[in-house]
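Good morning, and thank you for coming.

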Amino acid sequence: MNVELMEVTPQTIKDLRVLILTTLPVHYPPNFYKSVLKQPQLSKLVTVKDNMSVRKHDSNSDIVTCLKSRDKNCESRCNNARENSHPPSKKRKLGTDDINDYNTLSNDTSFIDRKPRKVGRSVGMVCCRLENKTLYITALGCLAYCRRKGIGTKLIEHVFECARRHSVETVQLHVQEINHDALAFYKNFGFTITSKHKGYYRYLKFPDAFLLTKNPPFLS
């Protein structure tokens, strides 16, 4: 697959929002995206440089499936699909930015139909932040049909490059306890489970998470 890494800019922050909404089960507040733009060198988007076909069953996102129907209950169904485990008193309502991003997905049928993706469109992302001598991965993912094509490796290579450039002592992230695929993915790159945080993802049905840590050398 012919792909390249691009910086997150004010012009491409919408792509980042759409990818996070599509690939990750948790909500990221507006301040998160502002912080990404303050340190753009720590985050990257992966874009395709050639045409790719998308098969319907390759997209396992409830949100994308919901958007395809484009009915009047779409926003409500998207909210339920992403947050059906929230306690009734704590359900998060969709904000204006969320709804706009869902509309972006709805109008771009290349996310869900049997059509080639547009060359140069974003299919994956990674975001990090520096915490003293630790580089923390706040978000990493790619569209379902692009998995197992080397995109995750490129994203991890960027993380390790940032770790070397900033001379950090550890790279860390949290992974949902039941996300066995993600745990296996990070294990392949030398991450180990260092602790378990109960209730870390408090609004998810399975809220417990493992803290994964990778120490030097940071080699891909």
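Predicted model: local features only at pLDDT ≥ 70, side-chain atom pairs only at ≥ 80, totals over all residues.

Residues are numbered from 1 along each chain as its sequence is written, and side-chain values use heavy atoms, with hydrogens and water left out.

Let us take the overall fold. The protein has 7 helices and 7 strands; these are DSSP runs numbered from the N terminus, a helix being H or I with at least four residues and a strand being E with at least two. Along the sequence, the order is β-α-α-β-α-α-α-β-β-α-β-α-β-β. Of its 220 residues, 48% count as buried. Buried means under 20% relative accessible area, exposed means over 50%, and partly exposed lies in between, with a 1.4 Å probe and protein chains only. The accessible surface comes to about 11700 Å², and carbon and sulfur atoms account for 48% of that surface; such areas come from the Shrake-Rupley method with a 1.4 Å probe, and for residues only the protein chains shown count as cover. A contact means heavy atoms within 4.5 Å. Among contacts between residues at least 6 apart in sequence, 72% join residues at least 24 apart.

Now to strand β2. Strand β1 (residues 3-7) is joined to β2 by 5 bridges, and the two run antiparallel; here Leu-5 stands opposite Val-46. Strand β3 (residues 122-131) also runs antiparallel to β2, with 4 bridges between them, and Thr-47 has Ser-122 of β3 as its bridge partner.

Helix α2 comes next. An α-helix has 3.6 residues a turn, so residues three or four places apart point the same way. In α2 (residues 30-38), the buried residues are Phe-32, Tyr-33 and Val-36. Seen down the axis, they fall within an arc of 95°, so they line one face of the helix; the arc is that of the directions from the helix axis to the C-beta atoms. Asn-31, Lys-34 and Lys-38 are exposed on the other side. The cover over the buried residues of α2 includes α1 (13-23), β3 and β4 (134-142).

We come to the core. A nonpolar core is a set of buried Ala, Val, Leu, Ile, Met, Phe, Trp, Tyr and Cys residues joined through side-chain atoms within 4.5 Å. The largest one has 47 residues, and Leu-16, Ile-20, Leu-135, Ile-137, Tyr-186 and Phe-191 touch the most other members. Helix α6 (residues 151-165) gives the most to this core, with 7 residues. Leaving aside neighbours within four places in sequence, the contacts of Ile-137 include Val-126, Val-159 and Phe-191.

Phe-191 leads us to the aromatic rings. Rings of Phe, Tyr and Trp (its six-membered ring) pair if their centres lie within 6.5 Å; planes under 30 degrees apart count as stacked, over 60 as edge-to-face and the rest as tilted. The whole structure holds 8 aromatic pairs. Phe-160 and Phe-191 have ring centres 6.1 Å apart and planes at 20°, so this pair is stacked. Phe-160 lies in α6 and Phe-191 in the loop between α7 (180-187) and β6 (192-197), so the pair ties together parts that are 31 residues apart in sequence. Tyr-186 and Phe-191 form an edge-to-face pair, at 5.4 Å centre to centre and 75° between the planes.

I close with the backbone. Asn-132, in the loop between β3 and β4, has a positive phi of about 60° although it is not a glycine. Asn-132 is exposed, at 79% relative accessibility. Finally, the peptide bond from Pro-216 to Pro-217 is cis, with omega near 5°, and Pro-217 lies in the segment after β7 (209-214).

Notes: Pairing = 2+ DSSP bridges.
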